[in-house]
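Here's a quick walk through the model, one theme at a time. Keep the viewer open and follow along.

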Amino acid sequence: PQRMLVTLSTRCNSRCIMCEVVKKPWDIPYRVIDEIKFLMPYMCSINWQGGEVLMLDYFEKLFIESLNNDQLRQTIVTNGMLLNDRWIDLLTDSNIELTISIDGFDKETYEKIRYGSKFDVLMKNLKKLNEARYKKKSKLILKMHTVIMRSNYKDVENFIEFAKFYNFDVVYMMPIYGSRDIPDNIYVNNEKDILKDLTNKIEKAIYKSKEYGINFFHSIPI
């Protein structure tokens, strides 16, 4: 394989209302990690995700080892709660893409959707991350991953403003996949009024992101 998406674990320090992954306890076997290490010199990209990869005690060592492969483009997907000084230093020294999942740009919405995560911690970690990026002139690409649902669809344009303020290079918005029974899923019953409103908001977000120089894309069924 030239490209690989690796789900290391379903363990997570958040319980997001739209996420079904944590309901299925699972960890990647260590023998498979050894196989991935063997393949790294032959691959061009790898995407590390969970669960929450930064809570895995072996991941830091695995990531450092992966950096020996200069041709390997890497993405780490995280909720950002565990971005301590050690991780920020490692990541900003690396030419990678860091994807942070953010589904609310204010404390109330964020903590309602991402139960267990703290908005104040996210703000603090983003500030420290950007300070390190600026100081080092880091090549790290910062991406925001947002799931659009009933609780936050009215804020689509505000997410672009948030991304600009915190120096995100990329914003990706997606619908809820699965989780058909949760009230926040606006896609299951084809709620036409909401989807029409959402279509307008996405179009405005596209325009605004171009104005700000943010690479914006989405998979919303508008």
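Glu35 comes out as partly exposed, with a relative accessible area of 44%. Bear in mind that everything here is read off a predicted model. The partner to look for is Arg31: the two side chains meet in a salt bridge, with 3.8 Å from N to O. Arg31 itself counts as exposed, at 56% relative accessibility. Why do Arg31 and Glu35 sit about one helical turn apart? Because they are 4 residues apart in helix α1, which covers residues 30-39.

Lys201 and Asp197 both belong to α7 and are 4 residues apart, about one turn of the helix. They form a salt bridge too, the closest N and O atoms being 4.0 Å apart. As for solvent, Lys201 counts as buried at 15% relative accessibility, while Asp197 is partly exposed at 27%.

## Salt bridges between helices, and a network

Now for a pair that reaches across the sequence. Asp85 and Lys128 form a salt bridge, and their closest N and O atoms are 2.7 Å apart. Asp85 lies in helix α3 (residues 85-92) and Lys128 in helix α5, so this contact ties together parts that are 43 residues apart in sequence. Asp85 is exposed, with a relative accessible area of 52%, and Lys128 is partly exposed at 29%.

How many salt bridges does the structure hold? The count is 16. Some of them share partners: Asp89, Asp93 and Lys136 are joined that way into one network.

## The sheet

Next, the strands. An open sheet is built from 7 strands, ordered β1-β3-β4-β5-β7-β8-β9, with parallel pairing. The edges are taken by β1 (3-7) and β9 (215-218); each has a single partner strand, so one side of each is left without a neighbour in the sheet. From one strand to the next, the twist averages 15 degrees. As a reminder, strands of a sheet pair through backbone hydrogen bonds, either parallel or antiparallel.

Strand β1 runs parallel to β3 (residues 45-49), and 5 bridges join the two.

Some backbone angles are worth a look if you plan to check geometry. Most residues other than glycine have a negative phi, and most peptide bonds are trans. Against that background, Gly50 and Gly51 are joined by a cis peptide bond, with omega at about 20 degrees. Gly51 is in the loop between β3 and α2 (59-66).

Two asparagines have positive phi values. For Asn167, phi is near 60 degrees, and the residue lies in the loop between α6 (156-165) and β8 (170-174). For Asn190, phi is near 50 degrees, and this one is found in the loop between β8 and α7 (192-212). How accessible are they? Asn167 is partly exposed at 43% relative accessibility, and Asn190 is also partly exposed, at 43%.

## Cysteines

How many disulfides does a search of the whole structure find? It finds 0. Cys12 is in no disulfide, and the nearest cysteine sulfur, that of Cys16, is 6.2 Å away. For Cys16, also in no disulfide, the nearest cysteine sulfur belongs to Cys19, at 6.0 Å.

Are Cys12 and Cys16 buried or exposed? Cys12 is buried, with a relative accessible area of 16%. Cys16 counts as buried as well, at 12%; the cut-off for that label is under 20% relative accessible area.

Technical notes: Residues numbered from 1 in each chain as written. Predicted model: local features only at pLDDT ≥ 70, side-chain atom pairs only at ≥ 80, totals over all residues. Heavy atoms only, no water. Pairing = 2+ DSSP bridges. Axes fitted to C-alpha atoms, helices over the stretch in contact; angles between N-to-C directions. Buried < 20%, exposed > 50% of the residue type's maximum accessible area, 1.4 Å probe, protein only. Disulfide = S-S within 2.5 Å.
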